[in-house]
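Here is a short briefing on a predicted model. Read it with the structure open.

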Amino acid sequence: MSHQPSALALPSWLTWWQRPFPDANTLLLPGQRPALVDTGFVGHADETAAWARAHAGTVDLVVNTHWHSDHVGGNALLQARGAAVAAGTPEAEAITRRDPGCCAAEYLDQPVAPYTVDVPLDDGQVLRLGDADWEVVRAPGHTPGHLALWQPEERLLVVGDALSDYDVGWVNLALDGPDGATTALASLKRMADLDPRLILPSHGPIPADPAAAFAAALRRAQRLVDDPAGAVWYGARRIFAFALMIRDGIPAEEVDPYLHARAWLTDAARLLNVTPEVLAAELVTTMLGSGAIVMRDGRLHAAADHTPVARAALRVPYPRAWPAAEPR
Ligand SMILES: [Zn+2]
């Protein structure tokens with residue numbers, strides 16, 4: 001019989017939902033001030049809200065580790081039902097002013113329903129979530145506004161996409177600059193120094209050994225610093241796999257036109273000093289070769305376990321067309 005020791009050590013006052021892509025894992029903190037950390041993908045917003053209500057009643061506060069589509073997709077629905085949304089700077093300000101780059105939604109071609117940020121978060125801020133106090137730890141790298149959440153009494157650390165049990169978050173060197181990997185590495189060191197008893201990552205299982213997970217993530221992040229081309233490739237693979245998951249695959253004949261029209265691919269090609277056409281072809285070949293993507297019934301699919309998304313759910317406007325954020 002096998003079990004996961006760390007899962008047994010989860011305090012009874014928090015509820016953890018490990019979810020396959022395209023949803024980030026979701027943490028619920030029931031209590032006086034029910035709070036939800038990350039809200040999954042827009043196509044599953046109804047299930048996210050129903051799950052939170054079933055376990056905690058009405059959610060008072062949503063906290064986002066960062067603004068990627070798999071973390072903020074339920075924000076709009078929960079906000080319509082009365083929750084306030086808290087997010088790290090500088091992403092909070094960008095959401096408020098409706099910056100077209102919000103959530104990298106258009107850049108990555110990942111839909112996000114319009115939401116506003118009520119509570120901008122900065123380093124060291126203390127938040128009451130459920131019945132416990134958590135500290136905001138700025139952890140930029142994977143995105144500029146990425147944050148971790150630290151519960152000092154229980155020594156729990158919510159790490160978002162900064163690391164998982166098997167990997168480290170991809171970095172966007174085109175969008176966030178050449179120092180993106182160095183920034184991510186510094187954030188990982190700072191989080192590791194907290195010496196958490198338990199880390200809660202946004203993807204995959206809770207690591208059985210937090211110190212070992214950090215050691216692996218630090219080695220992997222150092223490699224991204226040392227090999228910028230490798231970092232660009234890593235990002236491209238993650239972005240493309242996600243695109244295939246939320247679309248239930250892409251018809252074979254549409255794959256090249258789809259890729260050639262993507263800003264992230266054009267930028268990656270520029271950084272790698274190849275044409276977008278060459279990069280698109282290499283990306284598909286490499287990922288087919290590694291088994292990360294598969295051709296099935298004339299469509300290219302992501303191989304990793306993922307939950308289907310209803311096509312209609314993808315039809316939300318890009319942030320440049322979001323209605324203005326009204327003060328609440
Ligand atoms: Zn992310």
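How much area is buried between domain 1 and domain 2? About 2,200 Å² is buried there, and carbon and sulfur atoms give 66% of that area. Buried area is the accessible area (1.4 Å probe) that two parts lose on being put together, summed over both.

The model is predicted, so local features need pLDDT of at least 70 and side-chain atom pairs count only at pLDDT 80 or more, while totals for chains, interfaces and linings use all residues. Residues are numbered from 1 along each chain as its sequence is written, and side-chain values use heavy atoms, with hydrogens and water left out.

**Domains**
- The domain assignment gives domain 1 (5-226) and domain 2 (228-314); such bounds come from an automatic or database assignment.
- The C-alpha centres of domain 1 and domain 2 lie 24 Å apart.
- Domain 1 puts 26 residues into the contact, and domain 2 puts in 24 residues. Contact means heavy atoms within 4.5 Å.

**The interface**
- On the domain 1 side, Phe-21, Tyr-107 and Trp-170 lose the most area to domain 2, together 27% of what that side buries.
- The rule finds two salt bridges across the interface of domain 1 and domain 2. A salt bridge is a side-chain nitrogen of Lys or Arg within 4 Å of a carboxyl oxygen of Asp or Glu.
- Asp-109 forms a salt bridge with Arg-262, with the closest N and O atoms 4.0 Å apart.
- Seven residue pairs are in polar contact across the interface of domain 1 and domain 2, both residues at pLDDT 80 or more. A polar contact is a pair of N or O atoms within 3.5 Å; within protein, one must be able to donate a hydrogen and the other to accept it, and residues adjacent in sequence count only if both atoms are side-chain atoms.

**Pro-210**
- Pro-210 is found in helix 9. Helices (H or I, at least four residues) and strands (E, at least two) are DSSP runs, numbered from the N terminus.
- Pro-210 counts as buried because its relative accessibility is 10%. Buried means under 20% relative accessible area (1.4 Å probe, protein chains only).
- Pro-196 is 14 residues away along the chain, yet the two C-alpha atoms are separated by 7.0 Å.

**His-146**
- His-146 is found in the loop between strand 8 (132-138) and strand 9 (147-151).
- His-146 is buried, at 0% relative accessible area.
- Its side chain reaches the backbone nitrogen of Asp-161 at 3.0 Å.

Terms used: Buried means under 20% relative accessible area, exposed over 50%, partly exposed in between (1.4 Å probe, protein chains only).
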